[in-house]
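Please read it with the model open.

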Amino acid sequence: MDDMLKHLTSASRSTVALVRDLSEEELALPTPCADFDVRRLLAHLEWVAEMFESMAAKGPRPEQGEYTGDFPERMGRALAAWSEPEAWEGESSVGMPMATTAHLLLVDLIVHGWDLAAATGRPYQQDEQAVEKALAFTEQMAPMGRAKGAFGRQVEVPGDAAALDRLLGVTGRDPAWTP
């Protein structure tokens, strides 16, 4: 729990910093997620934060709503929920052990953080250990992720590429994407 919570906190910090730096004009920019502009990606991240907060508290799955601009606050509540030992017990509402569920949040934070950075031309830094953990998990879960539509077709990335680039490739993103 402690190691994973540290990774979630680090990934959250990087993504929240990007979100706080966005301007109103950037909300219409395209992202590497074909279905999302920046505004829709932020709405998705707000829902992700709310959903994982609810899962940690063993609550119901919320519906995804419109963009409200409160991702940093929602993510703070999600991290607070995951800091409780009970959050790590049992299975989530998606039928996975809670530790596995926490990995899903880690991948979302890192990959969607990169999506925002790429869309807005900002640099993106993530803790290398968190990225390695997300990569190892995603490589195992990729077939299921693709079957459920969460990941696109794998983009080939050299085996010696940075862990973040390999993670992006596994999720169907081109690390060289530009708007």
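1. The model is predicted: local features need pLDDT of at least 70, side-chain atom pairs count only at pLDDT 80 or more, and totals for chains, interfaces and linings use all residues. Numbering starts from 1 along each chain as its sequence is written, and side-chain values use heavy atoms, with hydrogens and water left out.

2. The largest pocket has a volume of about 1000 Å³. Its lining comprises 35 residues, of which His-44, Asp-108, Gly-149, Ala-150 and Phe-151 are the closest to the centre. A pocket here is an open set of points on a 1 Å grid over the protein atoms alone, where a 1.4 Å probe fits, with protein on both sides within 12 Å along at least five of seven lines; lining residues have an atom within 4 Å of a point. The volume is the space filled by probe spheres set on the points, which are joined across faces, edges and corners.

3. Two or more residues of this lining come from each of α2 (38-56), α4 (98-120) and α5, and α2 gives the most, with 6 residues. Helices are DSSP runs (H or I, at least four residues), numbered from the N terminus. By class, the lining of the largest pocket has 20 nonpolar, 9 polar and 6 charged residues; Ala, Val, Leu, Ile, Met, Phe, Trp, Tyr, Cys and Pro count as nonpolar, Asp, Glu, Lys and Arg as charged, and the others, Gly among them, as polar.

4. The second largest pocket has a volume of about 190 Å³. Among the residues lining it are Trp-114, Tyr-124, Glu-128 and Pro-175. Helix α6 supplies the largest share of this lining, 4 residues, and the classes are 8 nonpolar, 2 polar and 2 charged.

5. Ala-130 lies in helix α5 (residues 128-147). Is Ala-130 buried or exposed? Ala-130 counts as buried because its relative accessibility is 0%; buried means under 20% relative accessible area (1.4 Å probe, protein chains only). Leaving aside residues up to four places away in sequence, Ala-130 touches His-7, Leu-106 and Ile-110, where contact means heavy atoms within 4.5 Å. Ala-130 and Ala-11 are 119 residues apart in sequence, yet 7.2 Å apart in space, C-alpha to C-alpha.

6. Rings of Phe, Tyr and Trp (its six-membered ring) pair if their centres lie within 6.5 Å; planes under 30 degrees apart count as stacked, over 60 as edge-to-face and the rest as tilted. The ring centres of Trp-82 and Trp-88 are 4.9 Å apart and their planes stand at 70 degrees, so the pair is edge-to-face. Both Trp-82 and Trp-88 are buried.

Note on methods
Buried means under 20% relative accessible area, exposed over 50%, partly exposed in between (1.4 Å probe, protein chains only).
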